[in-house]
Amino acid sequence: MLRVMNIRTGVPMKKSIEALVAKKLRCSPADIEHICVVRRSVDARRKPNIYLVFTVDVAFHDEEKIWRRCRDAKDVRRIAETAYVPPQPGDVVLRHRPVVVGTGPSGLAAALALARGGYKPIVFERGCDVDTRTAHVEEFWNGGTFRPESNVQFGEGGAGTFSDGKLTTRVNHPLLRHILQTLVDAGAPPEILYAYNPHVGTDILRNVVKNMRHMIELAGGTVCFQSRVTSIRRDERGRICAVTVNGEEEYETDVVVLGIGHSARDTYYMLHDEGVVLEKKPFAVGVRIEHDQQVIDRGQYGCDAAELGLDPADYALVYHSPEGRSCYSFCMCPGGAVVAAASEEGRVVTNGMSLYRRDSGVANSALVVNVTTDDVGSGPLAGIEFQRRYEELAYKAGGSNYHAPAQTVGRFLKGSSPAEGAVHTYRPGVTWTDLHGVLPDFVTSTLEQALPYFGRKIRGFDDDGVVMTGVETRTSAPVRIVRGEDRMAVDAAGLYPVGEGAGYAGGIMSAFLDGLETANEIIRKYQPLEVVVNG
């Protein structure tokens, strides 16, 4: 096949992709056998003149003829189609089924690879299945019961299930295409295979994670919900030999893949008590900010996205303060909503999510400021206590009923805008108050500098009536479970920490990749428990 890059066309498109390829290669559309779009992006640098930019893989009826003509073109190169090939199994005998803890992206990826390899993993998820979990979350958002084990953070699919479902990553890895195809096979939209900033949306993600669970089970794995791993046991050599679930039932095992997510604070404390090596790591805290989606569209495209048939616009903003702090947008959700994401009683946490269509008309993003390890105090778990402190302040400022503290940008910056009445999407509700009282001084002072700067980048970003809601604290894990080059935890052989909660990933794709690579490392070492099941 030939990979053809930098195919540019105006918006809306007036020619087919086949016609654009034929024009660029100076061939006939009849020469083309089939086209696979690899990447589609939007170039809005010269707005309001907007362009779509494609990279495609093209198969021709006579590739040699086309290649002779184009071999010196900088935007054309020859490629070979490659398929993912699982690693060859090792020869170490497993005495027991491997255990996977957590059904977030890293846990699902590891469990699926192990199940398809014939290792019959048993998966323990502390929360509920996705349907039950969704009902519990909706009840909570509507002012009902908060459940510490079934919420936005805990349950089938992990925290990503209630998010924008972004599939972007800064990692460039040959397994990423396989991962995207796995998600498509589980029900994700096919355009994630080529979109520049692919996303799934929380409504579709709920079906994707359910389908992945069925794939694991069909391949020989077992998935257990409402099953929290409360302790681990090691033998006299320090190797993992068992886990205890819900404080009662013990399961013997040689291998534990630990994909706990960044909010499993009790599990971090358990691991620390068991002598597993942990270290604190940097993270970030701040607020959620909301805008009318048209404000962002016009700032990024120079017009409303719908006028050109484009997806709602997103943004990525960074400000570096003279004091050495950085404020940046995080988990930007076009056409979405700000959601209540608490996982502990008496604490308020915000997050953002979008449905697949991103059609709420409201854009939201975290605006967060970096927190260093020196900011949080001593000890590997100090970052957790730092997060808890401000989540508790937010809970009290919101009225001690899981309402969130909120403030308009104008009031936050200069106290000149009305304190109430601005549009917001957070459920179960907000309490209008001063956000300076629920965040560290270095965070609020950096936000005060960053907001006008962002307003110069996107007109209307810092308007007086724009709403900010606090607090956003779960940007990443404040703890790293230290592991070696063999992917096992230091001084805990057989324990494989993976994903965002372990401190080795930063989103759905990187977590999925970390889980898959770790499963492959296990496969290379151990014999399967049964004949490999394909599917």
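Which residue is the bridge partner of R3 in β4? Select R3 and R77: R77 is that partner. This is a predicted model, in which local features need pLDDT of at least 70, side-chain atom pairs count only at pLDDT 80 or more, and totals for chains, interfaces and linings use all residues. Residues are numbered from 1 along each chain as its sequence is written, and side-chain values use heavy atoms, without hydrogens and water.

**Stop 1: the sheet**

Stay with β1, residues 2–10. Three bridges join this strand to β4, and the two run antiparallel. Strands here are DSSP E runs of at least two residues, helices are H or I runs of at least four, and both are numbered from the N terminus. Two strands pair if DSSP finds at least two bridges between them.

Four strands form an open, antiparallel sheet in the order β2-β3-β1-β4. The edges are β2 (32–46) and β4 (76–78); each has a single partner strand, so one side of each lacks a neighbour in the sheet. From one strand to the next, the twist averages 25°.

Contact means heavy atoms within 4.5 Å.

**Stop 2: helix α5**

Select 176–185. The buried residues of α5 are L176, I179, L180, T182, L183 and V184. Buried means under 20% relative accessible area, exposed over 50%, partly exposed in between (1.4 Å probe, protein chains only). Their cover includes α3 (105–116), α6 (202–218) and α14 (508–525). Just past α5, click G187: its phi is positive, about 115°.

**Stop 3: α3 against α14**

Keep α3 and α14 on screen. They pack at about 35°, with axes 7 Å apart. On the α3 side, pick out P105, S106, A109, A110, A113 and L114. Facing them in α14 are I508, A511, F512, G515, L516, A519, I522 and I523.

**Stop 4: the cysteines**

Count the disulfides, pairs of cysteine sulfur atoms within 2.5 Å: there are zero. Select C70. Its sulfur is 7.2 Å from the closest cysteine sulfur, in C27, too far for a bond. C70 is buried, at 5% relative accessible area. Finish at C331. Its closest cysteine sulfur is in C333, 4.1 Å away, also too far for a bond. C331 is partly exposed, at 22% relative accessibility.

Terms used:
Axes are lines fitted to C-alpha atoms, for helices over the stretch in contact, and angles run from 0 to 180 degrees between N-to-C directions.
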